Amino acid sequence: MARRYLEATSLHQTIRAAEVKDERILAGVSTRELEMALAGKQFECAIRHGKRLFLKLHDSLWLVLHLGLTGRLIYLENGAKEPHHTRLLISFEKDHNLAFDDPRIFGEVGLTKSPQDFLEERKIGPDALQLDPNGFLKIMDGRKSLVKPALLNQRLIAGLGNLYADEALFQAGICPRARGLTIEQLTILFSSIQEVLKTALATHADLEELPDSYLLPHRRSGGRCPQDGALLSRDKIGGRTSYFCPEHQKLEKS
Ligand SMILES: [Zn+2]
């Protein structure tokens, strides 16, 4: 979503200046370094990996944006006023600006010489949407830990957040506390993950646009399963609040 938005608005325009409005957003770079690195350059292309965006400045320098939970990018035309929680403001020539707005500052801004090295150094796993079924089985088969924390472990798979992990397990009929899944279950789960993430992209992650058969529009205390009407269960699993249907996502005894 963010990558498509950037591509539609912000590529191939000369950056007049960049202004760090809040240093807490910076990761491994100083205000001066970042502002100097951006001034006079253009974003040549954008790559997404999980929740990170890599914007190419030139052959050996990329801007890295991690949107975190609350970060978003907003393109402002003709000097429109920047949003209240702007942490980084990039001003293009022609008076258009790109704001990185992040009320809670869970996001990060940094620089890297190579997206590949960046991901390897941090041991970040493959992007969920770029995995094929075999790659997914290789990561998940034989794993003894609970399935949901494994899906959220960015060292295994990048890009599946708490909400969409709940949704994929719901669609696959698998309890978030299950462990030691069979190949068949993992194959179904892989398909669910792909479908859920593609639907999220198509609907721009607008929960109200999701099909009613999905968990997310009903994911709240007192919500009911849209498939069988059962009252949804809520539980902390691996430290994250999880919703699931006690009826069609039963924990099978192994
Ligand atoms: Zn159900």
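Predicted model: local features only at pLDDT ≥ 70, side-chain atom pairs only at ≥ 80, totals over all residues.
Colleague: Into which domains is the protein divided, and what distance separates their centres?

Modeller: The division gives domain 1, covering 2-121, and domain 2, covering 128-244. Taken over C-alpha atoms, the centres of domain 1 and domain 2 are separated by 30 Å.

Colleague: Which element gives the largest share of the largest nonpolar core?

Modeller: The largest nonpolar core has 34 residues, and the members that touch the most others are Leu160, Ala168, Leu169, Leu189 and Ile193. Two or more residues each are given to this core by helix 4 (133-140), helix 5 (147-152), helix 6 (162-172), helix 7 (183-202) and strand 10 (240-244). The largest share, seven residues, comes from helix 7.

Colleague: With which residues is leucine 160 in contact, leaving aside its neighbours within four places in sequence?

Modeller: Leu160 is one of the residues that touch the most other members of the largest nonpolar core. Once the neighbours within four places in sequence are left aside, the contacts of leucine 160 are Ala128, Leu151, Leu152, Ala165 and Ile193.

Colleague: How many residues are in the other core that lies apart from this one?

Modeller: That other core includes Ala18, Leu53, Ala99 and Val109 among its members, and its residues number 24.

Colleague: How are helix 6 and helix 7 oriented to each other, and what is the handedness of their crossing?

Modeller: The axes of helix 6 and helix 7 are 8 Å apart, and the two helices pack at an angle of about 130 degrees. The contact involves Tyr164, Glu167, Ala168, Gln171 and Ala172 of helix 6, and on helix 7 the residues include Ile188, Leu189, Ser192 and Ile193. The crossing of helix 6 past helix 7 is right-handed.

Colleague: Which residues meet where helix 4 packs with helix 7?

Modeller: Helix 4 and helix 7 pack with their axes 10 Å apart and at an angle of about 125 degrees, and they are therefore oblique to each other. Helix 4 passes helix 7 in a right-handed crossing. On the helix 4 side the residues are Pro133, Phe136, Leu137 and Met140, and those they meet in helix 7 are Ile183, Leu186, Thr187 and Phe190.

Colleague: Is histidine 12 buried or exposed?

Modeller: Histidine 12 lies in the loop between helix 1 (2-9) and strand 1 (15-20), and its phi is positive, about 60 degrees, although it is not a glycine. Because a residue with 12 or fewer other C-beta atoms within 10 Å is classed as exposed, histidine 12, with 10 C-beta neighbours inside 10 Å, counts as exposed.

Colleague: What is the phi of lysine 123?

Modeller: Lysine 123 is placed in the loop between helix 3 (115-121) and helix 4, and with 9 other C-beta atoms within 10 Å it is exposed. Although lysine 123 is a residue other than glycine, its phi is positive, near 55 degrees.

Notes:
Residues numbered from 1 in each chain as written. Core = buried A, V, L, I, M, F, W, Y, C linked by C-beta atoms within 7 Å. Buried ≥ 20, exposed ≤ 12 C-beta atoms within 10 Å, placed from the backbone. Helix = DSSP H or I, 4+ residues; strand = E, 2+ residues; numbered from the N terminus. Contact = placed C-beta atoms within 7 Å. Domains from an automatic or database assignment. Axes fitted to C-alpha atoms, helices over the stretch in contact; angles between N-to-C directions. Left-handed = near helix turned anticlockwise from the far one by under 90°. Parallel < 35°, antiparallel > 145°, perpendicular 65-115°, else oblique.
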